[in-house]
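Good morning, everyone, and thank you for making time for this.

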Amino acid sequence: MSLLRLAWRNVLRQRRRTALLSLVVVYVTVAVLFLFGFLDGYGESLVEAYAQYVEAPVVVAREVWWQDPDPENGFRELPAVAHPLVQAATPRLSLYALLRSPYRVQGGVVLGVDPEGEKTLSRVPFKVSQGRWLSAPGEAVLGQRLAERLDVRVGERLVVETGKGALGLLVVGLVRAGVGNVDFGGVYVHLEDARRLSGGRVLATHLALKVPRGKEEGVAQALNQALPEGLRAQGVWELMGPIRADYEGSRLFYVPLLGLFMLLAAVAVVSTTYVSVRERLREFAVAESLGLSPFRLAAQVALEAALASGLGLLLGLLLGYALLWYTSTHDVFGPLMRLSVELLPESGLSEHLYTALRPVYALYAAMVVGLSALLALLFPGRLVLALEPTRYLKGE
Amino acid sequence: MLRLAWRNLWRTPGRSLTTGGVVALVVFLSLVFLSVYAGAFDAFFRLLLERTGHLVVRVEGYEEKEDLESLAFAPPALPLPSGARVEGVVEGGCLVLAGERSRYAVVTGLEPAGLARQKNLLKAGRLPEAPGEALLGEALAQALRVGLGDEVVAYAPGGLGLGVYAFRVVGLLDLPETHLEARTLVVPLADAQALLAPGRVTRLEVRLEGLGLYDLKPLEELKAALKPHLQGLVAETWLEANPIYAAILPLYDTVMALYVGVFFLLGGLILLNALYLSLVERVREFGLLAALGLTGRRVMALVFWESLLLVGVFALVGLGAGLLVHLELADGFRLPLPQWILEQYREFGLPEVLYGRLSLKEILLTLGYAVGTGLLAALWPGWLASRLEPVEAMRYVP
Amino acid sequence: MKRFGILLLALAAFALGQSPLEKLKSALDRLRGPAHQAVYALKVERPGSSRTYRLRVYTDGERAHLRVLEPKAEAGMAFLSLGQDLYLYDPRLGRTLRLPPSGRSERFLGSDLTYQDLMGRDLEELFQVTEEGGTLRLVPKPGAPTPYGRVEVYLREGFIERVLYYDQRGQAVRELRMGSYQRLDGAYLPRTLELKDLTRQGYRTLVEVTEVQVGPVPERCFSPLYLERGC
């Protein structure tokens, strides 16, 4: 305790110096918090987009369908999926079709859904911005941007054609989900209509499962142990398109960079500690001659470095979390994301990005304190360990 | 003064080297990042340019027009400067049929030069050499379950052409973007014209030689020169033809300046620390200098010189190292990321091999930041030093 | 006498109580004509240009087989409509192609005509019929794959005189006009048809029906196998 008090006194003795080096630590701490919050927020926005809008937390389909996603590779009978973490399941039938409005024609993937079942695991039914969600066969709900492109409005008829049949469906709603794939390409029809359009031989192409957040990959793995041969489950990360690479790539790129930032901050802390130790060598010599072990003194130096950087860390955490709180509650990156969605409408990017705010970031940022202490032990600490008290006491 | 400053720096070589190392590292990292980012950005835009040509000629108001009849035009003769080439392209929607399967796709008819440009996208097979031969996006081929040597039929009724045309798949294209690949059918121009619009094109692509990627001025001049010859048509530069991408371009410099600023802010704070420590260690010395008659302003200048010398020397070291690495990068490099990530990056228009680019602008930006950091970091310690009272300072005990 | 009485009764019932659907059916019978073969001359007009085609047509009123006779470049092309199925033979392809159902509503030979205009009974199959002031008003049946919001069929003495197609926003987009009808062995067939694209000025297609021979059409004419060599 006295060691701590002593170290604390020494840190406060040079307030300006401490304040200056704290500034470095504050900056690095804020950078660490913000970048982790941003990266995790980005990851979460992707998981949310794919789990709740574009795909589902877990999807089960026949192995052949994963290779060739054509309705002919769908389910002739629906498989039973049992896992305690599966909270809901709904069949879907996706098929390629020609969408023909009175004015335009375009190809796209139509998703046949059970309107009520879809509500149990997808957010799309709750993002209808005009009209309403599906309730019966003969209806269609479109992504808003797709509807604009096809020039079709709520209450109008859209002809959906496949090689096996054609249906005129009444557009009952437009979805504005803020997720590129849904807004630019979403076509939702009743499962029965999709079955008819696919030739009526399959019931569904895949089964969408709702599982708790964070358990997607685990449940998919567990299911793959139990599912009959020829079926395979995929978790949301596997379902994600190429955009996952951007997220993983960003992490691989920025995390080492943050490590470098922390190292530089620790170097700054240690150079200050170094000066302060050199100034006090005589003081250390006295302490050593009074019986304090050099290791204890070196520990004190390390503690001083830790305390000084800890001060910066505290302030940095305060500022960093305040910044994260703001960016996690305000759509600061909205304009940037909207531009990205326009550029890459089929990547599954969301128009909103809110940073994550997790306590563990404090732990990551605290590494700068540990690193400072360690470096202080290695460099200024060594000065103390190599000290010859008699020389200093003689005033040499 | 300069010599004094230089000597002072080497009185604490450890600290000077560490701080200078940080400065050099920051300059080095900034240059490397700028080179890498510019390389990635260029690759992104080069892909656009390659697809569009330097100038694109289309019918006026093409954005609002949907049907081929109003989009297709008989190509006029254009007075082009020497070295410029013009290629006609026909593009239109069609249903590609193969057995029981069909997909909506965009059929693109290209002249031989245009077809030759597809060579580096060729995943399998060869380029079309005769009428009735086609290149199919690999994803489209998978969806249709066809391969090399198979026949597909393009069905596009309602236009001016035959409305139906059979093609033998001679090559598969691996486009960076899978969603484009899933709707790509590339055929000889004459075939596409027979199918969609005999004798007409939907756009003319003008390509110029020896132009830099962002060299837009000659394009504007050529556009103006062509204008009188384009009745009912409009010429656009490749950037104008891609308005969303054009919107990003002006943001690039700002984003990069901010990015580099993040590094320099850290470097600046570390430098500030070092300068302050060096002041603290030499308070008595500064007091002595003041007592000997050195004015506050001269003391301040000494601190500034020390800072600038430290930053200047090590920034040059960082610059040298950065330029060396840049020379390597300029020859082509792969991002140090796992292969699967690099492959997926292609979806966003980023090739696996990039070529670093550093222009004078980027070097000046980095050096400007370095000098600015040196000046700003010295401001406070310099001010403190200039205000030292000689008597108090000489009595200073840390 | 008894038979005459029944006929009279039937005629009276026909005149007094014919439903809009029945009116449409009998008008479509007259539009499609009896089983016959004929030569249809198509004149496709565009702003500043026009093209002419001659087609040989075989139809039994339900099914139709069309062969292009002229111009030379397109000669030999043949189309076969069998209910929902549509086949196309192109000599350059050298084989017969089954088109997806969407083909039926596509315009063909660069004209304003769709297969539906010349063949089949889509007006009857895809639409619900009501009558307003002597005009048949057709709205799509639920699920019917048609892009139109409404079709108005104007009758004159039981003959279709004009068909007006509306988009779903109430704007007339296509107009099909029939010229006089020719009487053929107790049945009828239009002499001329005119189709206008109302959204684009100067887009018009004229059809003249000539060389009509009424009588049963050999069954092979309705087999895709005979599309290539003709029947």
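This is a predicted model: local features need pLDDT of at least 70, side-chain atom pairs count only at pLDDT 80 or more; totals for chains, interfaces and linings use all residues.

In chain B, 6 residues of domain 1 are in contact with 4 residues of domain 2, where contact means that the C-beta atoms of two residues, placed from the backbone, lie within 7 Å. On the side of domain 1 of chain B that touches domain 2 of chain B, there are 1 nonpolar, 1 polar and 4 charged residues; here Ala, Val, Leu, Ile, Met, Phe, Trp, Tyr, Cys and Pro count as nonpolar, Asp, Glu, Lys and Arg as charged, and the others, Gly among them, as polar.

Residues are numbered from 1 along each chain as its sequence is written, and chains are lettered from A and ligands numbered from 1 in the order in which they are written.

The domain assignment, which is an automatic or database one, gives chain B a domain 1 made of 2-46 + 246-394 and a domain 2 made of 54-237, and the centres of these two domains, taken over C-alpha atoms, are separated by 49 Å.

For chain A, the assignment gives domain 1 as 2-50 + 243-393 and domain 2 as 56-239, with 47 Å between their centres over C-alpha atoms. How many residues of domain 1 of chain A are in contact with domain 2 of chain A? There are 14, and they meet 9 residues of domain 2 of chain A. The largest share of that side of domain 1, 3 residues, comes from helix α2 (residues 15-54) of chain A, helices being DSSP runs of H or I with at least four residues, numbered from the N terminus. By class, this side of domain 1 of chain A has 7 nonpolar, 4 polar and 3 charged residues.

Let me finish with the two helices. In chain A, helix α1 (residues 2-13) and helix α12 (residues 294-329) pack at an angle of about 55°, with their axes 9 Å apart, the axes being lines fitted to C-alpha atoms over the stretch in contact, and angles running from 0 to 180 degrees between N-to-C directions. That makes α1(A) oblique to α12(A), because angles under 35 degrees count as roughly parallel, over 145 as roughly antiparallel, 65 to 115 as roughly perpendicular and the rest as oblique.
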